[in-house]
Structures are given as structure tokens and as C-alpha cells.
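Hi everyone, thanks for making the time. I'd like to walk you through one model today, so please have a look at the sequence and the structure before I start.

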Amino acid sequence: RFADLISLYWRAKPNPERFKPAREIFSLDEIIEGLQNDQFEPFYQPKIDLKTGRVKGAEALARWRHPRDGIVMPYAFLGLLEENSEISELTWTMLARSARDCQEWRNAGLDLDVAVNLSVKQLADPGISDAITWQVTNQGLEPRHMTLEITESAAMTNVGRVLENLTRLRIKGFGLSIDDYGTGYSSMQQLTRIPFTELKIDQSFVMHAAHQESSRMILESSLDMARKLGVVSVAEGVETRDDLNLVRECGCDLAQGFFIARPMPSTDLPDWVRDYS
Ligand code: C2E
Ligand code: MG
Ligand code: MG
Ligand code: MG
């Protein structure tokens, strides 16, 4: 079938994601220099709608296009940036680039949304909701086309300001996603205080749901809770056809994972979306 050929093409096409960089240890100074020299960019991983089969949007994942060492993954720079309170430079880059890319896809006739990961470190800053909004709308994108992802453990901090800022962002129209759900020990009561719109079930449960009873239970009860709260559910870490079928049967709304597509450079996304649908 033609669709199978297309999918073979995308699997065979060299994706910079697949190659390990020559080096994986970097100093904070090198990272900051890379940021200042504009070497960081979002790669995009599609999110598909399991009911309609259409591409709903894409999550922006930070990549460092190192001039000598190739594509460097987040684990090699995120921790250092966060520990040293230097994460905001990356956040501004990611917000602006992904807002601009998303608006370009939309102008080209593709009805896509974009999602960006936020670090909790910044969410306690006063004025952060205005700064984020400005960064996004300045690129011409309406906040309703962007979802901000916060990890479950981050969302559970007891800092009142975090809750206040998340609420302000929601009021401005951003979607709010609880990322890595199931790993953060939140109570339902804590969870319902946050005006979130999407629950993203951690990949560890999705990957093991097909062969591990406990993971499947967590997946199913998370989906049940999302339904009852009236929020969109996303399964991340869909690695096989079986995973995809299972999350669809369980009634999950959206799916993301290597089986569907690996994160890819922004220039590849429009073609991928056209081929997929
Ligand atoms: P996340 O937001 O939970 O993103 C999902 C991660 O799982 C990504 O790793 C993605 O490439 C990977 N993934 C997607 N599908 C599959 C799959 O089927 N199997 C497996 N094994 N993995 C899959 P990545 O890009 O290395 O990012 C890791 C984490 O770094 C992200 O987890 C997110 O928490 C953080 N991150 C990435 N970009 C940013 C950023 O711009 N800002 C902040 N604050 N955090 C970021
Ligand atoms: Mg995420
Ligand atoms: Mg996640
Ligand atoms: Mg994760």
C-alpha cells in the first residue's frame, strides 16, 4: 500500500535523533555559550488524535545542534541549566521558535497546535504569565494554539504563586498539560486545584501496559479520571503497534511515541503531516 511505503520512507530517512553525539558531557559555560549563539532549537514530535486519525499538533523538545558534536539531547543540558537558574534563556528560545513555527504551519493551511515544556523553577516568578504570553503572541500565535506542559511533580509544589501563574496562563487561553502523570504522587484534590486541560500519562505505564497488569491498571484509571474531569488524555511512549491499539481500545484521546514518529526538525514536520493524513 502507498501508506506503507510512505511510512517506510519516514522510518528509513536519516533522523538526526538517531545518532549519538560525539560527546555527552558539557559544562554550564559551554551550554550558555551555545544558547547565546542560537544553537538550540525545537524538534517536534507529532501528537495524533486516536479517534479521527488526524494530527492534532506537536510537542517541541529542545535540541542543541552542536557545531562539532551533533544533536545533543536534553539530559545533557537541562539539569545544569535548572540547577544554576539559567533555564529561562532556553524557555524563551523554545517559546518563540515554536510559536513562530506553529504559526507558519497554520499559515500554510495545517491546523496544528504546539506544546512546550516549562520548568517549575520559573513558574514562581511574578510576571511570568505576561512574559510567556508576550513571547508567544509576539510571533503571531494565539495562546489557544499552545499547550504548556508541566510535570506532575512540578505542578504539585505548594508554592501559591505557581498555582496563581498557571491560572493566569489558563485565563489567557493557553492549554495546560500535566506531563509524566502517574509518577508524582499527587492526590486528586491537589490535582483539581490546577485548571489543567490535558493529562499526559507517563511513558513508563504506556510502554508496559500491554504486558504488565499494574501498568495497565494505572493507565486505565488515569484515563478514567481524565474522562471524569473532562480533560484531554494523552498516551506518551507509544513504541509499538500493540501499544497504539491498546491505548486506542482504552479510550485515550491522543497518542505520541516513536511508533508514530520520532521528534524531527521543524522543516520536516509539514511534509510528515501531509503524508500521515
Ligand atoms: P517529556 O516532556 O516527557 O518528553 C517526552 C520524552 O520522551 C522526549 O525525550 C521524547 O523524545 C521521548 N519519547 C517520545 N516518544 C517516545 C517513545 O516512544 N519511547 C521512548 N523511549 N521515548 C520517547 P527528550 O526529548 O529527551 O526530553 C526529555 C525531557 O526533557 C522531556 O520529557 C521534558 O521533560 C524535558 N524537556 C525537553 N525539552 C524541554 C524544554 O524545552 N524545556 C524544558 N523545561 N524541558 C524540556
Ligand atoms: Mg512533555
Ligand atoms: Mg512526559
Ligand atoms: Mg518524561
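Let me begin with Glu17, which is buried, at a relative accessible area of 10%. By buried I mean under 20% relative accessible area, with exposed being over 50% and partly exposed in between, using a 1.4 Å probe and the protein chains only.

Before going further, some housekeeping. This is a predicted model, where local features need pLDDT of at least 70 and side-chain atom pairs count only at pLDDT 80 or more, while totals for chains, interfaces and linings use all residues. Residues are numbered from 1 along each chain as its sequence is written, chains are lettered from A and ligands numbered from 1 in the order in which they are written, and side-chain values use heavy atoms, with hydrogens and water left out.

Back to Glu17. Which residue does Glu17 form a salt bridge with? The partner is Arg63, and the closest N and O atoms are 2.5 Å apart. A salt bridge here is a side-chain nitrogen of Lys or Arg within 4 Å of a carboxyl oxygen of Asp or Glu. The two residues come from distant parts of the chain, 46 residues apart: Arg63 sits in strand β2, and Glu17 in the loop between α1 (2–12) and α2 (28–36). Helices (H or I, at least four residues) and strands (E, at least two) are DSSP runs, numbered from the N terminus. Arg63 is buried as well, with a relative accessible area of 4%.

Lys56 and Asp113 meet through their side chains at 3.2 Å, N to O. Again the pair links distant parts of the chain, with Lys56 in strand β2 and Asp113 in strand β4 (residues 113–117), 57 residues apart. Lys56 is partly exposed at 30% relative accessible area, whereas Asp113 counts as buried at 18%.

For a local example, look at Arg168 and Glu164, whose closest N and O atoms are 3.0 Å apart in their salt bridge. Both are in helix α8 (residues 160–172); they are 4 residues apart, so about one helical turn separates them. Arg168 is partly exposed, with a relative accessible area of 43%, and Glu164 is partly exposed too, at 38%. Elsewhere, salt bridges that share partners join Lys47, Glu59, Glu149, Glu198 and Lys200 into one network. How many salt bridges does the structure hold? The count is 23.

Donors are N, O and S atoms within 2.8 Å of the metal (3.2 Å for Na, K and Ca), and water is not among the atoms, so sites may look incomplete. Glu59 in strand β2 and Glu149 in strand β5 (residues 146–151) are 90 residues apart, and both are buried.

What bridges the two magnesium ions, ligand 2 and ligand 3? That is Asp179, and the ions lie 4.2 Å apart. Asp179 counts as buried, at 6% relative accessibility. The magnesium ion (ligand 3) is coordinated by Asp179 (OD), Asp180 (OD), Glu236 (OE) and Glu236 (OE), at 2.1 to 2.3 Å. Here the donor spacing reads D-D-x55-E. Asp180 is partly exposed, with a relative accessible area of 22%.

Finally, ligand 1. It is surrounded by 23 residues, the closest being Arg63, Asn117, Asp179, Glu239 and Phe258; a residue belongs here if one of its heavy atoms lies within 4 Å. A polar side-chain atom of Gln203 is 2.9 Å from an oxygen atom of ligand 1, and a polar backbone atom of Phe258 is 2.8 Å from an oxygen atom of ligand 1. The protein covers 84% of the 800 Å² of accessible area that ligand 1 has on its own, by the Shrake-Rupley method with a 1.4 Å probe. Which element gives the largest share of the shell? Strand β2 does, with 4 residues.

Thanks, and I'm happy to take questions.

Key
Polar contact = N/O pair within 3.5 Å; in protein donor to acceptor, adjacent residues only side chain to side chain.
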